[in-house]
Structures are given as C-alpha cells and as structure tokens.
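Please look over the sequence and the model below before reading on.

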Amino acid sequence: MYEGKNMARRIIPYILLAGAVAAIMAGCRAGNTIVPPAPDYRDTSQWYVAQRQAAADIFYIVSTETGDYTLPNGHVCHWADTYSDSLRQPLHAEMLGVDTLVSGQLNFFAPYYRQCSLQTFQSPRLTADRMPLALGDVRRAFRYYLDRLNGGRPFIMAGYSQGAHIMLQLLREMDDDTFSRLIAAYAIGITITDRHPHIVPARGADDTGVTICYNSVRDPSCVMTGWERSSVAINPVSWRTDQAPATLITEPSPLLPVAEQPKDTMTVRLDAATGLLLVEGFTAHDYILPLLGVEGNYHTRELWLYRDQLRRNIALRADTYLETRK
C-alpha cells in the first residue's frame with residue numbers, strides 16, 4: 001500500500017509549511033483581527049470520518065500543517081481556513097495518513113479546525129494569543145462528536161504536536177462520565193509537566209484510562225525549546241517506563257518509497273532525567289522542523305517511526321477495555 005512515491009508523500013504524518021502558503025482566502029476580517037470563518041461541525045465537509053462499524057472510535061487532532069499566508073488585501077493570516085481547499089489539503093493528508101497507519105479497524109473521526117500557523121510557536125506570547133481560537137474550535141468539535149457522532153462508544157483520543165496540546169486541555173475539562181469511556185489518550189510529540197486526575201501516565205502496554213506521551217531526540221542537547229522535560233513518558237517500542245533499551249527496526253523515512261530504502265536498526269530508550277526518548281541508529285537525512293527544529297530532533301518522525309507499534313497498541317488497549325466491560 002505504501003510502495004509508491006506519491007503515496008509515501010501523502011501519508012507523511014507531519015507536513016509542515018516553512019513559509020507563507022500561496023492561497024487565496026476570503027471572509028477573514030473580524031473587527032481588527034484577521035481570522036477565517038468558524039467551522040460549522042454540522043457540515044460534513046468539516047470532518048474526516050472513516051466509519052467502520054467498530055465498537056470503539058479514535059478522535060484525532062491534527063498537528064501544525066499551516067504557515068502564515070498573505071490575503072488578497074495584504075493582511076497576513078495566522079490560522080487555517082477550513083473552507084479553503086488549498087489549506088484543507090495538508091490537514092486532510094495528515095488525517096488520511098494517520099488513519100491509514102495506525103487506526104486499524106477502529107472508527108476514525110478528525111475535525112478540521114483553525115489551527116495556528118507554525119510561526120505562532122516562535123513566541124510564547126503569540127502562542128498564548130492565538131491558541132484559544134484553535135482550542136475553541138476543537139472543543140466545539142469534540143462536543144459535537146460526543147453528542148452526535150459517538151453513539152456512546154468508548155473512544156481513544158490522539159493528538160500530534162499542536163493537536164496533542166489541545167487534546168490535553170480537553171482531557172482537563174472532561175467530565176468524569178465521559179472520561180470513564182476513554183480507552184487511552186495518545187499525546188504524541190510533546191512533553192507534559194502538569195498533574196491532573198485525567199492525565200494518568202501509562203505504565204504498560206494494556207492499561208486503560210491512561211495518557212501515552214513521548215518525544216524523540218538523538219540526545220538531550222537536540223531538544224527544542226519548551227520540550228526539555230516531561231513527567232509523563234513511555235517507550236512506544238517496549239511499552240515500558242524504565243530505561244531498558246528497546247530495538248526498533250523500520251524504514252526511517254516516509255518521504256521515500258518503503259521498498260527502496262533499507263531499514264534502520266535503532267536503539268530506543270527513555271532518559272530518566274528528562275523523560276525524553278533517546279534514539280540511536282537513525283541514519284536518514286532527516287526533515288528538520290522549519291523555524292523551530294534542530295538537527296537530531298525527530299519531532300517530524302514521531303508517528304512514522306513507531307507506526308506499527310502504535311497500531312498494535314491501540315488495538316490492544318481497545319480490546320482490553322472492551323473485554324473488561326463485557
């Protein structure tokens with residue numbers, strides 16, 4: 001399924017834009033703030049849905065796929081327009097890629113939302129100013145999902161990078177009844193430093209109601225600013241929380257045809273001092289996150305490298321949850 005070069009590019013799990021997006025967008029003026037129109041989650045175009053008639057769902061929140069872009073009137077917009085085909089395309093590519101790589105037979109729901117541009121995360125002030133709009137969209141989408149789409153089924157939450165930060169806030173706000181139906185929450189490519197009753201660190205491969213978190217680097221010196229330490233961390237190869245090394249053998253790059261690249265044999269272990277996932281043996285010329293990334297930081301590979309482990313683990317946790325509630 002992943003042999004062709006075009007497909008490999010479509011399923012890259014983190015296609016970040018490094019500059020202005022060449023897009024034409026209308027309807028973005030609101031007072032003195034330039035923002036796209038709010039998504040209406042009654043509109044099916046504002047969702048990626050793969051309904052497989054499964055007993056459990058995945059609710060997925062995409063990562064940053066948007067860069068700052070200039071409108072026809074010369075103003076710069078800092079959020080994705082979920083009604084613009086050119087801005088929807090990279091979001092859809094990630095949704096499709098993640099669904100293809102990790103969801104297995106579970107139902108998959110992912111909302112389009114006015115995510116912040118990559119440039120937003122160069123400054124804590126900009127992040128604080130702009131993230132509420134993105135969070136508000138996903139909060140509304142999640143409520144609509146629970147009320148209209150979920151049908152009372154247990155569910156997995158998953159988010160990547162910006163999506164993972166939003167997912168954590170939804171966990172903090174979640175009522176206990178909804179939380180009781182949470183199989184697990186996958187906070188991929190971030191670090192977690194706070195404590196909350198709904199953020200329960202995973203301790204093994206099949207515990208439920210837990211949060212899975214990891215952030216991969218070659219060594220601690222390669223960490224991006226703000227990702228230096230995590231109190232919630234697990235090794236997605238061994239599903240252990242100690243420092244025991246685990247061996248990962250896989251193709252290193254989603255940018256090349258799988259059949260045309262040799263597999264890397266990597267050693268993956270948790271660093272007790274930081275909670276970072278240390279990866280040795282990665283040989284590919286890595287794609288470095290524009291504006292924020294550094295060489296030796298594997299943020300853009302967090303889904304691809306562990307895709308097989310994530311798919312099996314999602315299925316295991318879902319099966320465990322469903323079995324214990326028969």
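**Buried residues and aromatic rings**

Cys222 counts as buried because its relative accessibility is 3%, under the 20% limit. The model it belongs to is a predicted one. Cys77 is also buried, since its relative accessibility is 0%. As for bonds between cysteines, a search of the whole structure turns up zero disulfides.

The interior comes next. In soluble globular proteins, nonpolar side chains tend to be buried together. Here the largest nonpolar core has 101 residues, and those with the most contacts inside it are Tyr60, Met157, Leu171, Tyr186 and Tyr306. Helix α3, which covers residues 124-149, gives the most to this core, with nine residues.

What is Tyr306 in contact with, leaving aside its neighbours within four places in sequence? The list consists of Tyr214, Ser216, Pro236, Val237, Leu248, Val268, Leu277 and Val279.

Leu171, named above among the core residues with the most contacts, is also in contact with Thr211. Thr211 is in strand β10, residues 210-214. This threonine is buried, because its relative accessible area of 2% is under 20%. Leaving aside neighbours within four places in sequence, the contacts of Thr211 include Ala185, Ala187, Ile192, His198, Ile199 and Val200. Pro201, Ala202 and Val232 are also among them.

A pair of aromatic rings is described by the distance of the centres and the angle of the planes. The count for this model comes to 13 aromatic pairs. One of them joins Phe59 and Phe142, with 5.1 Å centre to centre and 65° between the planes, an edge-to-face arrangement. This pair links distant parts of the chain: Phe59 lies in strand β4 (residues 57-61) and Phe142 in helix α3, 83 residues apart. Both Phe59 and Phe142 are buried.

Phe59 also pairs with Tyr145; the ring centres are 5.1 Å apart and the planes stand at 45°, so this pair is tilted. Again distant parts of the chain are linked, with Phe59 in strand β4 and Tyr145 in helix α3, 86 residues apart. Tyr145 is buried, as is Phe59. Phe59, Phe142 and Tyr145 belong to one aromatic cluster that also includes Tyr41, Trp47, Phe109, Tyr144 and Phe155.

Two tryptophan rings have an arginine over the face. Arg307 lies over the face of Trp304, at 3.8 Å from the ring centre. Arg317 lies over the face of Trp239, at 5.4 Å from the ring centre.

How values were computed
Residues are numbered from 1 along each chain as its sequence is written. This is a predicted model: local features need pLDDT of at least 70, side-chain atom pairs count only at pLDDT 80 or more; totals for chains, interfaces and linings use all residues. Side-chain values use heavy atoms; hydrogens and water are left out. A disulfide is a pair of cysteine sulfur atoms within 2.5 Å. Buried means under 20% relative accessible area, exposed over 50%, partly exposed in between (1.4 Å probe, protein chains only). A nonpolar core is a set of buried Ala, Val, Leu, Ile, Met, Phe, Trp, Tyr and Cys residues joined through side-chain atoms within 4.5 Å. Helices (H or I, at least four residues) and strands (E, at least two) are DSSP runs, numbered from the N terminus. Contact means heavy atoms within 4.5 Å. Rings of Phe, Tyr and Trp (its six-membered ring) pair if their centres lie within 6.5 Å; planes under 30 degrees apart count as stacked, over 60 as edge-to-face and the rest as tilted. A charge sits over a ring if NZ of Lys or CZ of Arg is within 6 Å of the ring centre and within 35 degrees of the ring normal.
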